[in-house]
Amino acid sequence: MEKAAMQLIDLKKSIGNKQLIKGLNFEINKGEVFGFLGPNGAGKTTTIRMMVGLMDITAGDVLIEGKSIKTDFKEAIRHVGAIVENPEMYPFLSGWKNLEHYARMNHGITKERINEVVALVGLEKAIHEKAGKYSLGMRQRLGIAQALLHKPSILILDEPTNGLDPSGIREMRTYIRRLAEQDNVAVIVSSHLLSEIELMCDRIGIIKNGELIAIESVKEVKKDNALSELYIEAEPLETARLILETQQERPVAIEKKELFLAATREEIPRILKSLMESDIQIYGVRVQQSTLEDKFFDLIGENTIE
């Protein structure tokens, strides 16, 4: 089996008597997008800062491609590209000159490689314009291009879609998925947009009060939520409810002049057919699936997230 790109081994962080991170253990695989979620003050940013050596580790370790961030920092960190805060650029230089400047600080980055990452993030048209004229989305893309120049096997992105409009968010999602699937990069994404995490990630880790409370496969979350909430606007309502209640093992309720019940996708046609065969008038049907957001709030029991 292929070695994990990154491993957190009993990772702890204390400041004074206060323990912020309480022994995190998980790994991130090559070629996957891993979402990192947590409510306010959960320790998500602290963990990311320790992952990239921006904050000292109190106990435990982070292994990157098998190298310790504590004892072999230089060798470990060369595998990592990261945007932990907003990407910093020289506004008076073009996007290309910014990348060239960064390339000079890293050994062996060629002009061909710069062209490669520019194409990967879709900045070919604007790369020779001054970075100060870039939109927020273009700056984010230039930041990712910079983080990818040295061909890292792990990319860490803290809020990569922050401030982007819907089309910018969709583009960013496309770049991130492409990196994982085509370049076998392990991508770690922290975000407060749960709907985006659901579309972008393969697995999610949920942290609360400095502890990892769950690691979930996004596919499994969707599979768990095979039951959808079915709302039917029908007349006469009480008769319709009684008909369905005799046929369903699950309860049928009336909410705001609609029938409400849980049903799988496969059951919906049969439910509607039985109502129509009983001369029930159906005026509207809507289906609402549980989401990663529902799962998240079930686990953390709160309504605030970072």
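Helix α10 is followed by Asp279, whose phi is positive, near 60 degrees. Helices here are DSSP runs of H or I with at least four residues, strands are runs of E with at least two, and both are numbered from the N terminus. The model is predicted, so local features are reported only at pLDDT of at least 70 and side-chain atom pairs only at pLDDT 80 or more, while totals for chains, interfaces and linings use all residues. Residues are numbered from 1 along each chain as its sequence is written, and side-chain values use heavy atoms, with hydrogens and water left out.

## Helices with a buried face

Helix α10 spans residues 268-277, and Ile268, Ile271, Leu272, Ser274 and Leu275 are buried in it. In this report, buried means under 20% relative accessible area, exposed means over 50%, and partly exposed lies in between, with a 1.4 Å probe and protein chains only. Viewed down the axis of α10, the buried residues fall within an arc of 160 degrees, so they line one face of the helix. The arc is that of the directions from the helix axis to the C-beta atoms. Pro269, Met276 and Glu277 are exposed on the other side of α10.

Helix α4 (residues 111-120) has Arg113, Ile114, Val117, Val118 and Leu120 as its buried residues. Seen down the axis of α4, these buried residues fall within an arc of 160 degrees and so line one face of the helix. The exposed residues Lys111 and Glu112 are carried on the face of α4 turned away from its buried side.

## Backbone features in loops

Two further residues with positive phi lie in loops. Lys151, a residue other than glycine, has phi near 55 degrees and is found in the loop between α5 and β7 (154-158). Lys151 counts as exposed, at 59% relative accessibility. Asn184 is not a glycine either, yet has a positive phi of about 60 degrees; its place is the loop between α6 (166-183) and β8 (186-190). With a relative accessibility of 36%, Asn184 counts as partly exposed.

Glu235 and Pro236 are joined by a cis peptide bond, with omega about -10 degrees. Pro236 lies in the loop between β11 and α9 (237-247).

Another proline, Pro39, is placed in the loop between β3 (33-37) and α1 (44-51). Pro39 is buried, with a relative accessible area of 2%.

## Aromatic contacts

The structure holds four aromatic pairs. Rings of Phe, Tyr and Trp (its six-membered ring) pair if their centres lie within 6.5 Å; planes under 30 degrees apart count as stacked, over 60 as edge-to-face and the rest as tilted. Two of the pairs are given below.

| Pair | Centre to centre | Angle between planes | Class |
|---|---|---|---|
| Phe26 and Phe34 | 5.3 Å | 10 degrees | stacked |
| Tyr231 and Phe260 | 5.0 Å | 35 degrees | tilted |

Tyr231 is buried, at a relative accessible area of 10%. Arg286 lies over the face of Tyr231, at 4.0 Å from the ring centre. A charge sits over a ring if NZ of Lys or CZ of Arg is within 6 Å of the ring centre and within 35 degrees of the ring normal.

Phe26 and Phe34 are both buried. Together with Phe36, Phe26 and Phe34 form one aromatic cluster.

## Separations between residues

Pro39 and His192 are 153 residues apart along the chain, and their C-alpha atoms are separated by 8.9 Å. Leu212 and Val252 are 40 residues apart in sequence and 37 Å apart in space, C-alpha to C-alpha. Leu212 is found in strand β10 (residues 211-217) and counts as partly exposed, at 25% relative accessibility.

## The largest pocket

The largest pocket has a volume of about 580 Å³. A pocket is an open set of points on a 1 Å grid over the protein atoms alone, where a 1.4 Å probe fits, with protein on both sides within 12 Å along at least five of seven lines; lining residues have an atom within 4 Å of a point. Grid points are joined across faces, edges and corners, and the volume is the space filled by probe spheres set on the points.

The lining of the largest pocket consists of 21 residues, of which Gly81, Ala82, Ile83, Tyr102 and Gln146 lie nearest its centre. The elements that give two or more residues to this lining are α2 (73-77), β6 (80-83) and α5 (136-148). Strand β6 provides the largest share, four residues.
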